[in-house]
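Student: Here is a structure to go through. Can we start with the terms and then turn to the helices?

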Amino acid sequence: MKSPTASTNQQHQPVTNKKIHYAWVILALSFLTLLTIQGIRLSFGAFIQPWETFFQTNRGLISMIGMVSYMVYGISQPVVGQITDHVGPRKIFTISVIFVGSAMLFTTFTTYPWQVFLLYGFLASIGFGGASQVAGTVVISNWFQKKRGLALGILSAGTAAGQLLVVPSTLHFISWTTWQTTVLAYGLFLMFIFLPLIVFLLKNKPSEIGLQPYGYTVKQPAKTVQLPVHARGSFVFIKVLKKKEFWFLMLPFFVCGVTTSGLIDTHLIPFSKHHGVSNTVISWTIGLLASFNFAGTIISGYFSDKWDCRKMLGYLYSIRGLTLIFLLIIAGFSDLTAVLHQNPVLLIIFGISFGIVDFSTVAPTIKLATDYFKNYSIGLVVGGIFLSHQIGAALGSYLPGLLYDMTGNYQQSLIYSILVLIAAAVMSFMLPKPENG
């Protein structure tokens, strides 16, 4: 007769014998989801001019579609987080892919701007919000007990990879064919190729297929984000709002949105053109920024498992501030337009240095959130943090344009961005040490 101990060992034997833990398959699927869906979201700029011409409208109206999309995407984040805690990431990813795929297919046949407004601004943007870092964080927290920081870094790199691969591909597809063919191709790919992968291969938790999380040990039971029913709900968020840890993570992440998606992602191209930089150099700068963004995000995730994430964030925000000081010096305090025009390598150096510290704040931020709030609704907390990022991105994209119209340059925008980055760095250093840190 077999002893209970032997039975227990046999129960866990499949986990130890597997050369590749299924958690890495889950991570790959989540990475590809963010690469595809967020890559399509970041490709909006490629459609502005084609839509402007096809619908015979102005750029302001087309840009309003992007603004609404940003708002819907941001507001959806805490909602998605809370729903994910109840139904699981698999359903969220599945529904999101269906929303974006359907929106792309229907957009092919639009004849009026208001139709794109509804399909892209609302339907697709809800899908963008679902297939995002929020639901991805929940599935990674469920599947990884060790190397969670690395996994979160790789997950975050999915969006950077979308920026690197999908955005230029969209530009090429539109130039080779038409914008209708491009969105049709995206819709067909999502609905008939990518959707089945999510449905059949993605699992919410290891227990669904008889496994334990990666790095599971008996002495340190797996931490999942699935909480008792009485511990869930919006009232939990009220408790979270009373905690210093939340505010000192959220406010710096708001600054992250102001200075990345808001300032640089939106205004680097017009900034460069204002200073006489050629399109070729701008393309190289954006490409290198995205490449080093991808690498920096993964490296950040790796070291967030080994280093103090509070100090990492403090240093990352500080270095980002230094890159903007560099940009301000070469094209800010004095009229150095000729310098950038004659020495375009300076802009490329900025692109590389900024790329390294662009998305690299995500992994340590989310790692700290999962450490601080492991007994709360992780999806809701992370959703709130990402909502602050999107609000920052919206303000960070609007204010530089407003100030440029008033002053004719970007000096003031760079100065206030540097100042808020200093504040973000200070707040990060002031974060308390996690209990398991």
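Tutor: Angles under 35 degrees count as roughly parallel, over 145 as roughly antiparallel, 65 to 115 as roughly perpendicular and the rest as oblique. This is a predicted model, where local features need pLDDT of at least 70, side-chain atom pairs count only at pLDDT 80 or more, and totals for chains, interfaces and linings use all residues. Residues are numbered from 1 along each chain as its sequence is written, and side-chain values use heavy atoms, with hydrogens and water left out.

Student: How are α8 and α16 placed to each other?

Tutor: Helices are DSSP runs (H or I, at least four residues), numbered from the N terminus. Axes are lines fitted to C-alpha atoms, for helices over the stretch in contact, and angles run from 0 to 180 degrees between N-to-C directions. Helix α8 (residues 148–176) and helix α16 (residues 362–372) pack at about 135°, with axes 8 Å apart. The two helices are therefore oblique.

Student: Which residues of α16 make the contact with α8?

Tutor: Contact means heavy atoms within 4.5 Å. On the α8 side are Arg 148, Gly 149, Leu 152, Gly 153 and Ser 156. On the α16 side are Val 362, Ala 363, Ile 366, Lys 367 and Thr 370.

Student: Is Gln 56 buried or exposed?

Tutor: Buried means under 20% relative accessible area, exposed over 50%, and partly exposed in between (1.4 Å probe, protein chains only). Gln 56 lies in the loop between α3 (44–54) and α4 (59–87). Its relative accessibility is 73%, so Gln 56 counts as exposed.

Student: How many residues of helix α7 are buried?

Tutor: Helix α7 covers residues 133–143, and it is largely enclosed by the rest of the structure. Among its buried residues are Gln 133 and Trp 143.
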